[in-house]
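This report covers a metal site and a pocket. Please look at the sequence and model first.

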Amino acid sequence: MPPFDTIIRGGTVATASDTFACDIGIRDGRIAALGHDLGEAGETIDAAGRLVLPGGIDSHVHFAQASGPGIVMADGFETGTRSAAFGGNTTVMPFCVQEKGQSLREALKQYHAKADGQCHVDVSFHLVIADPTEQVLGQELPALVADGYTSFKVFMTYEGMALNDREMLEVMAVARRTGALVMVHAENFDAIKFLVDRLEGEGHVAPRFHATSRPIPVEREATHRAISLAELVDVPVMIVHVSNGEAMEEIRRAQAKGLKVYGETCTQYLVLTESDLDGLNMEGAKYVCSPPPRDKPSQEACWRGLETGVFSVFSSDHCPFRYDDPAGKLNPKGRTSFRWVPNGIPGVAARLPILFSEGVVKGRIDLNRFVALSSTNHAKTYGLYPRKGTIAVGADADVAIWDPDRRLTLTHDLLGDGSDYTPYEGMEITGWPVLTMVRGRVVMRDGALVGPKGHGRHLERALSPLAAPRAA
Ligand code: URP
Ligand code: ZN
Ligand code: ZN
């Protein structure tokens, strides 16, 4: 028997800290050796002229989520993880959403049933706490954190999801005791409701008014409040999908004070603007997401946040709906007002090519920061490191091989998701993932799936090293 199942030969390996030429020997799904002249293997993958990177980890995606009456999310776990593999990702972190009145265990049972046997890449659930009852706070959450569900998201907006400040504090207090990491969707619910009602009253119902109804102060205020609440409880917090410099400045100021406040931004805030919601007829609905894309200065601010480390993770917030579909963006009510257009856009496959092309190729970030932002920091933040997120002996053999010179124009058919469009259609891209390997098995090669679904597994996670259990 050859000593390795697979050797990846001749590539340039990059981690979050180093770039070096070396071969990778893989045995039993793990990296068993790094070096040269590693000998024989069952299979050899030629990576000459290619970059060999830790597989992407996207810690913010939505699959198979209930999305309101008559609305169907465009991706379940099969197509969602297929698209993830097309985009060079080996782990994704979807949300398991608790509905009002539902126990967390019941919600998890449902999400596991949807995911089991369907996945092409590994998955690990965050919990969404929509109903923080005594039972949830006192019993279920602590037990689930101990079982490896070590992060949860809370919403400051959305009907049926928004928590008030008292509820946020209660959830944060559980996070403090258990060592879980709290993720916050920071937008002011009452301010949005006020603005939506006013806009509709004035007859402003087109998709572009979605952005008008959620201006920067709505996000900045909620970001400030979320940070203040976390400071009161003395617990770390991750502010997700930050769209602009003013909200980012709240995070930066908190970090400068020594608070454990972390930030995430997403593809749409780097390359889209509010004017994309202006499209003819209903085309703007394709870009309706929350927070909405802003303007060029906001894009520049988000780049600065990635360059300087204010944002430690870069995610897609993949939340796909079909456009031309009565169960999607163009549902009958959605045609009457932006209020009813489902929020969210697809992007799990486009995330890394856009960050590589716009970031590395254009010289805004170096390759090692790209790896950190796209993989390593996600693993470190959410308790998966060093099993995931790096190329090191003993780590899972989760690898993406990139052709750094491949040039193409982004079209939806390259992305493999269940939607019928990409908001990034027509972008010119340099650099593309040509092979995705999950725990030693190739799952995507040259834009085609390899092997059946079901190789991807759910991962229980350790506590985030950013958070540690503390007495009340
Ligand atoms: O519009 C968005 N981002 N939808 C996804 C849900 C969320 O808030 O992350
Ligand atoms: Zn959110
Ligand atoms: Zn999201």
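The model is predicted. Start with the lining of the largest pocket: strand S12 and helix H5 (189–201) each supply at least two of its residues. H5 gives the most, with 4 residues.

The pocket itself has a volume of about 1,300 Å³. Its lining counts 49 residues, and those closest to the centre are Ser67, Tyr158, Glu159, Arg339 and Asn343. By class, the lining residues divide as follows.

| Class of lining residue | Number in the largest pocket |
|---|---|
| Nonpolar | 23 residues |
| Polar | 17 residues |

Now the metal site. Which protein atoms are donors to the zinc ion (ligand 2)? They are NZ of Lys153, ND1 of His185 and NE2 of His241. These donors lie 2.1 to 2.2 Å from the ion. Along the sequence, the donor residues of the zinc ion (ligand 2) follow the spacing K-x31-H-x55-H. Lys153 and His241 link distant parts of the chain, 88 residues apart. Lys153 sits in strand S12 (residues 151–155). His241 sits in the loop between strand S14 (237–239) and helix H8 (245–256). Are these two residues buried or exposed? Both Lys153 and His241 are buried.

The zinc ion (ligand 3) is 4.0 Å from the zinc ion (ligand 2).

How values were computed. Residues numbered from 1 in each chain as written. Chains lettered and ligands numbered in written order. Predicted model: local features only at pLDDT ≥ 70, side-chain atom pairs only at ≥ 80, totals over all residues. Heavy atoms only, no water. Donors = N, O, S within 2.8 Å, 3.2 Å for Na, K, Ca; no water. Buried < 20%, exposed > 50% of the residue type's maximum accessible area, 1.4 Å probe, protein only. 1 Å grid on protein atoms, 1.4 Å probe; cavity = no way out; pocket = protein on both sides within 12 Å on 5 of 7 lines; lining within 4 Å. Points joined across faces, edges and corners; volume = space filled by probe spheres on them. Nonpolar A, V, L, I, M, F, W, Y, C, P; charged D, E, K, R; others polar.
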